[in-house]
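Here is a briefing for a first look at this structure. Keep the sequence and the 3D view side by side as you read.

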Amino acid sequence: MRVALIDYGAGNLRSAHRALEAAGAEPAVVSGPRGLQDADAIVVPGVGAFPPAMAALHAAGMVEPLRAAAGSGVPLVGICLGMQLLFDHSEEGGGATGLGLLAGEVHRLPAGVKVPHMGWNTLRPRTSDPILRGLPEQAHFYFVHSYVVAPVDAGVVVAETVYGAWFPAIVHSGVIWGLQFHPEKSSRLGAQILRNLLALLSASRGRR
């Protein structure tokens with residue numbers, strides 16, 4: 001499976017590339033719209049802040065092509081900041097408009113907790129989505145973030161975790177998936193999630 005790994009200057013490309021390759025994908029780093037044309041799936045990784053990330057995507061001419069690709073049925077996955085970019089808007093840095101592929105807002109973690117949230121947290125499943133297949137009940141994943149998503153439709157939340165408050169850790173709607181944690185830094189269970197995800201993306205490709 002050819003996976004376009006979006007390079008918009010938001011870091012962690014190397015670790016995401018290695019993890020996708022180990023899971024069985026053929027990742028290719030893409031920094032412009034032409035790289036999306038032959039992709040079977042798209043992964044938007046991310047470390048950093050929402051407004052400059054969206055500005056970088058706009059500068060690279062990637063915003064409308066990403067929306068068009070998702071609209072035409074190409075599976076699209078956001079990781080950490082990349083998951084937040086899938087939503088309508090973030091309050092980070094004075095506010096910025098996102099890709100709008102999922103309805104909802106991005107808010108700062110609640111007052112009273114140390115940010116960024118860095119560490120291992122347990123997922124609490126909300127659905128029986130196949131992305132969770134094979135995971136133990138107490139599955140821990142590695143998080144690094146200061147903001148969380150608040151979907152309009154709670155039905156898109158596959159799993160959640162808690163840090164100051166409960167928040168979505170995995171979302172899924174149609175061909176769109178988002179992971180607030182870093183599967184590429186989550187050891188054996190992160191690799192399991194990526195294998196499950198690639199199987200789902202492959203199935204989505206077969207239905208297009």
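Helices here are DSSP runs of H or I with at least four residues, numbered from the N terminus. By that rule, G190 is found in helix α5. The model is predicted.

**Helix α5**
- Helix α5 takes in residues 187-207, and Q192 lies in it.
- The side chains of Q192 and R195 are joined by a polar contact of 3.0 Å.
- Beyond its neighbours within four places in sequence, Q192 is in contact with R133 and L135.
- Is G190 buried or exposed? G190 has a relative accessible area of 0%, so it counts as buried; the cut-off for buried is under 20%.
- Setting aside residues up to four places away in sequence, G190 touches F141 and P183.
- G190 and F141 are 49 residues apart in sequence, yet their C-alpha atoms are 6.9 Å apart in space.

**Nonpolar cores**
- The largest nonpolar core has 38 residues.
- Which of its residues touch the most other members? They are L123, I131, F141, I170 and F181.
- Helix α5 gives this core its largest share, 7 residues.
- A second core is separate and has 36 residues, among them A10, A39, F50 and L99.

**An open sheet**
- Four strands make an open sheet in the order β6-β5-β7-β11.
- The pairing in this sheet is mixed.
- Strands β6 (96-97) and β11 (147-151) are the edges, as each pairs on one side only.
- In general, strands of a sheet pair through backbone hydrogen bonds, either parallel or antiparallel.
- Strand β7 (residues 102-108) pairs with β11 in the antiparallel sense, over 5 bridges.
- What stands opposite H107? V148 in β11 does.

**The largest pocket**
- The largest pocket has a volume of about 180 Å³.
- Its lining is made of 13 residues.
- Nearest the centre of the largest pocket lie G48, C80, V144, H145 and S146.
- Two elements give two or more residues to this lining: α4 (81-85) and β10 (140-145).

Notes: Residues numbered from 1 in each chain as written. Predicted model: local features only at pLDDT ≥ 70, side-chain atom pairs only at ≥ 80, totals over all residues. Heavy atoms only, no water. Polar contact = N/O pair within 3.5 Å; in protein donor to acceptor, adjacent residues only side chain to side chain. Contact = heavy atoms within 4.5 Å. Pairing = 2+ DSSP bridges. Core = buried A, V, L, I, M, F, W, Y, C linked by side-chain atoms within 4.5 Å. Buried < 20%, exposed > 50% of the residue type's maximum accessible area, 1.4 Å probe, protein only. 1 Å grid on protein atoms, 1.4 Å probe; cavity = no way out; pocket = protein on both sides within 12 Å on 5 of 7 lines; lining within 4 Å. Points joined across faces, edges and corners; volume = space filled by probe spheres on them.
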